Structures are given as C-alpha cells and as structure tokens.
Amino acid sequence: MPDTQPPSNRNDMRLALEADRHDANRVSALRSPAWEKVSRTLFDVAILGGGVSGACIYHHLSRRGYRVLLLDKGDFACGTSQASGMTIWGGLLYLRNLDLRSVVRLSKDREGLARDMPAWVRPQSFRFVPSSDSVWRERLVHAALYLYWGLGLFRRRRPRREPLFEEAALLAHPPVRGSLVLEEATLSASDSRFVLQWIVCHQSEEDVPLNHAVVEEGRFDPRDRLWYLEVGDAFGHRSVTTRARFLVNATGAWTDRVNEQFGIRAPYKHIFSKGVYLGLDRPDNHRDPLVLEVEEHRDIITLMPWGPVSLWGPTEATVRRAEDGFAVTPEDVDLLLGMARRKLRRSITKRDVVSLRCGLRPLAVNRDFGGARYPLDLSRAYRLWEDPGVPWTAVYGGKLTNCGSLAREITARIARRIGPARSPDCDAPRILPEPEWDHYPGIPGRVPSLDWCMRHEYCCTLEDYLRRRTNISQWIPREGLGRAGENRSRVRQLALVLSGGSDAEADRALGAYEAGVRRRFDDVLGVVQ
Ligand SMILES: Cc1cc2nc3c(=O)[nH]c(=O)nc-3n(C[C@H](O)[C@H](O)[C@H](O)COP(=O)(O)OP(=O)(O)OC[C@H]3O[C@@H](n4cnc5c(N)ncnc54)[C@H](O)[C@@H]3O)c2cc1C
C-alpha cells in the first residue's frame, strides 16, 4: 500500500472546485486522476524534467519498485530530446580528440540499446564521404573507422569502401574514390516517441508521470527529511502540494537554473551548444544517411533520411543562455543553406525548407570553466552531482545513446541513499491497448489518433500531437498546416477533439497554433506563404 497521509484540506477543496469548473474541458478531465495521485502520494523520488534522461531514470526506478513522480514543465520530450539527429552511435567524432574512453562507453551503450530494444533501435549503415579525393586521406579515414569498429568490439558490420553509391548523385562533388560505409544504429520512430516509450508503460497509483506541470516552489524540511513541492497546472487549472524523499534534477539545459531555484550549488555547470537541422524534401535516391566532412573545425554535416524529409545539419554553436538556444534564427538557416550550396547538387532555397528543428546540447564542465572552446572539443560525458546535505542529484550532460547507463547509475546511487524499494513487486509494466489509427494529408501510412494519444499518452495540446506523438509537424510544411494553409481545417478538427467539442476553444487553440507557426517558421524563413 502506498504510504500516504490525508491530503491537506486546502488541496482537497481546490481540487474539488477545479474539477467542477473544468469537467467540461476534456484535457483537464483526463488529467484529473493524475493530479489527485500527485496530491495524496508520498513519492520515493520526484524527477524534474521529462526528456530522455528523466524519462529513462523514471523507467528504471519504477521497474525497481520505487514510487516515482515525473514532472515536466512542458510536454515530455519538448526540450532537446525532440531535436536530435536520432542516431544511436558510438561517438565516432570523439576519436578526433582521442577520447577513446567515451568511444568505448558509447559503443557499449549503443550495443545495449540495439540488443534490448530492437523495436526502437535498428542498425543503420552510414556513408562517410571524405572531403578530398586524396588516396592517403581516404586510407587514414578508413584506418580510423577500423579503430572505431574495434573499440566497439567488432559488434557492428566491418567498415568498407563502396566506390559506387546512389546518393553520389545528390552531391555537388561526387567523390572520386567513393564512400566509406560504417554501421551505427538509429531510432526507428522518432526521438520524442523514444522518450515517451520509457514513460507510458509505468502509470499506477505509485508511479505518476505528469507533463505541463510547473514546480512553483520547493523546500526541504529537515524534520521529516522530505521535499515539499508546490506544483501548478501549466493550463492554470489547479495547483497541489506533493512530497518526495529524493529529488532528481534532469532538466537538461535548465539544470543550473533549477539547482539555483532550490539553493543547490554543484561543482559543475552547463555550456550550451546549439544545434539546428533543416528538414528538406527527400529525393527518391536518398536511402542511407550521408556523413560529409566539413573543412571548418574538422566537423561533419549529415543528410539523414527520415520519412518524407532529409534532415540537413546540425550546426554547432556556443550560446550563452538556454532561452537563446531553442529558437532557430535566420542566420542559422543561412549558414545551413550556404553549406548545402557547397555540398549538395540540388539548389536549395528557403522555399524548399519543410521544417526546422533546434536543440541545445548541454555540455558538462567544471563550475570554474571560463574558456572559449569549440563545443566539439569539450567532453560529452555525463556527470552526476549528489548534494551531500540534502537528498538531491543533478544530471549534467547526457545523450540519447547513453540514457540507459546514466539511468542505471543514478538508480543504484539512489538505492544506496534511500534504501531498497518498499514494494519491489508492485510494478507490472502497463500494456497499452493497440493504437487507434488515423490519417493526415501528406503523411505516408497512418498515425495514432489524437483521441487515443489523449487517453493513453498524456497528449494535451496541438503541438504535443503534431510534433511529438506524430511526426506531422516535421514532415508537412509549416508544422502541418501546409504551404498555403491547405490543412487548416484538418488542424481545426483536431483542436475540436482536444476541446471536447467546444468551437470557441478550438478556434482559440487553432489561432494560437497558427501564431506560433508564423513566429517559428514563416518569420524565420522570411517566406510569405
Ligand atoms: C542538434 C542535436 C543533435 C543531437 N543528436 C544526437 C544523436 O544523434 N544521438 C544522441 O545520442 N544524442 C544526440 N543529441 C544529444 C541529445 O539529444 C541530448 O543530449 C538529450 O536529448 C538531452 O536530454 P535531456 O533529458 O538531458 O534534456 P531535454 O531533452 O532538454 O529535457 C529536459 C526537460 O526538462 C524540462 N524542464 C525544464 N525545466 C524544468 C522544470 N523547472 N521543471 C520540470 N521540468 C523542466 C524541459 O521541459 C525538458 O522536457 C543531439 C543534440 C542536439 C542539440
């Protein structure tokens, strides 16, 4: 049985009042049971941040029988975890700094995910195209790929040279000596769905994931050694007090800020490296991901096939503040289009851009780090900070590829701090019912229906659905609206489902979505649609 105490009168009354007022609102009604559990359960661990790090930690702790609360101030995966290259890789780029340790570790993580999660992580050949036609250069790269393969314990296919390949026709300068093929792994659906799958199978009286939930205040009470958190509904419907024995800060780029909010001082801090991709129409002959060498900074740029688009990027630029990193700027677009003109045969203009994606790599450095280094020269290893005074751990760094080892390490540390779970057998993973399917103009195949995603996957807004429960906003121009707004009525239908049939609410949601698309897409590209 959960260790609960009677909810405070204040919470009770507020919940009852709010429930009456908002039962008409479908999203609010669906979220009510979770809010009630949050207010009455004493959690072993509360995790702040539902990106890949927080979600995977949530999964591991829930499986061990701990009572876990996962809170995200936005939607799950709405930070960097929705903007990655979706590659589960052994860290090839870190060979250039001879960071062999990272390569060995990441290769091991890649193998673990490919072995344990074949439905989500699939092997994928990548074509590496050296920047020059020099025989020596090619031999050097080939030797490096062999070393990489060896550091990965020869688990992937042996690297090989392929003189002829279909994608050569896409390049401005097809390589005389062909491409070098190496095998990595990629996510089969999307990065957001990869995050979600860690979460959806753990939902019970004792394991509660709650998105769009903002921690307004938090304090640690040394008398009962509990954290008290005031959590507010981002839609403004309610706020409750919840309690937890341990807190994990897995808020990615916001980690330093959340530490500050709670008065925690860590010996690390984050440096932010912004990464942007352009989604372009995918040509029929683009089958394998291409890795092209870029002369500047000895970096690479990729052309990744993903459904009907090819992702071109990413950029790598240091930014100072987290807020600056999550918006694509016209300069980012110009930079990527300039590189496309140099590297690709097809002439690409702003009008060819289907979608934009942008995230911040949070790179862990020591607190006193003051240098200005190219982000790729900084270590990508994660670091964990356990506060000696209060039960608190903060995650610094982290990738999709190493989410499993990070979560296992943090789970073991928490078990040492708070002891074994009190109900180790309570956690039978929830089996979701088969999705109900739907169609969307321009999307090949079918998509899970909005109604199903609302009932089973915590989907609350148009953006949750179009961007993270499906790939619609990444695969259809202007975030699903269509170049000339031809899908507007379809998006309104979706807004009606969300609002439970209220025309006024549906119009409001559609208007807000369109304004967001103008800001995030039309204004950045400077294209009048
Ligand atoms: C362009 C790019 C390409 C990449 N490609 C790859 C790749 O191919 N392979 C790979 O392994 N890695 C890749 N990465 C790295 C990887 O995507 C990130 O390191 C990883 O997604 C970070 O996950 P996270 O959970 O730490 O952070 P995030 O995904 O940013 O999650 C943090 C979450 O915390 C929430 N939050 C913030 N503040 C609060 C608060 N106060 N309370 C509650 N919640 C809060 C946010 O809403 C967010 O959902 C890439 C990164 C970028 C930028």
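## The largest cavity

The lining of the largest cavity consists of five nonpolar, two polar and four charged residues. In this classification Ala, Val, Leu, Ile, Met, Phe, Trp, Tyr, Cys and Pro are nonpolar, Asp, Glu, Lys and Arg are charged, and the others, Gly among them, are polar. The model is a predicted one, in which local features need pLDDT of at least 70 and side-chain atom pairs count only at pLDDT 80 or more, while totals for chains, interfaces and linings use all residues. Residues are numbered from 1 along each chain as its sequence is written, and side-chain values use heavy atoms, with hydrogens and water left out.

A cavity is a set of points, on a 1 Å grid over the protein atoms alone, where a 1.4 Å probe fits but cannot get out; its lining residues have an atom within 4 Å of a point. The volume is the space filled by probe spheres set on the points, and grid points are joined across faces, edges and corners. The structure holds four cavities of 30 Å³ or more, and the largest contains about 100 Å³ of space. Its lining is formed by Ser107, Arg110, Leu145, Tyr148, Trp149, Gly152, Arg156, Arg157, Pro159, Leu182 and Glu183. Two or more lining residues come from each of helix 4 (100-116), helix 5 (135-151) and strand 6 (179-187). Helix 5 gives the largest share, three residues. Helices (H or I, at least four residues) and strands (E, at least two) are DSSP runs, numbered from the N terminus.

## The second largest cavity

About 80 Å³ of space lies in the second largest cavity. Among the residues that line this cavity are Leu170, Asp281, Ser310 and Arg345. Its lining divides into six nonpolar, one polar and three charged residues.

## Aromatic pairs

Twelve aromatic pairs are found in a search of the whole structure. The ring centres of Trp149 and Phe154 are 4.8 Å apart and their planes lie at 85 degrees, so this pair is edge-to-face. Rings of Phe, Tyr and Trp (its six-membered ring) pair if their centres lie within 6.5 Å, and planes under 30 degrees apart count as stacked, over 60 as edge-to-face and the rest as tilted. Trp149 is buried, with a relative accessible area of 15%, whereas Phe154 is exposed, at 52%. Buried means under 20% relative accessible area, exposed over 50%, and partly exposed in between (1.4 Å probe, protein chains only).

Phe194 and Trp198 also form an edge-to-face pair, with ring centres 5.7 Å apart and planes at 70 degrees. Both residues lie in helix 6 (residues 191-200), four residues apart, which is about one turn of the helix. Phe194 and Trp198 are both buried. Elsewhere, Phe220, Trp227, Phe262 and Trp392 form one aromatic cluster.

## Charges over rings

Arg139 lies over the face of Trp136, 5.4 Å from the ring centre. The charged end of Arg219 is placed over the ring of Tyr228, at 4.7 Å from its centre. A charge sits over a ring if NZ of Lys or CZ of Arg is within 6 Å of the ring centre and within 35 degrees of the ring normal.

## Buried residues

Seven of the eight residues of helix 12 (residues 462-469) are buried, so this helix is largely enclosed by the rest of the structure. The buried residues of helix 12 include Tyr465, Arg467, Arg468 and Arg469.

Conventions. On a 1 Å grid over the protein atoms alone, a cavity is a set of points where a 1.4 Å probe fits but cannot get out, and a pocket is an open set with protein on both sides within 12 Å along at least five of seven lines; lining residues have an atom within 4 Å of a point.
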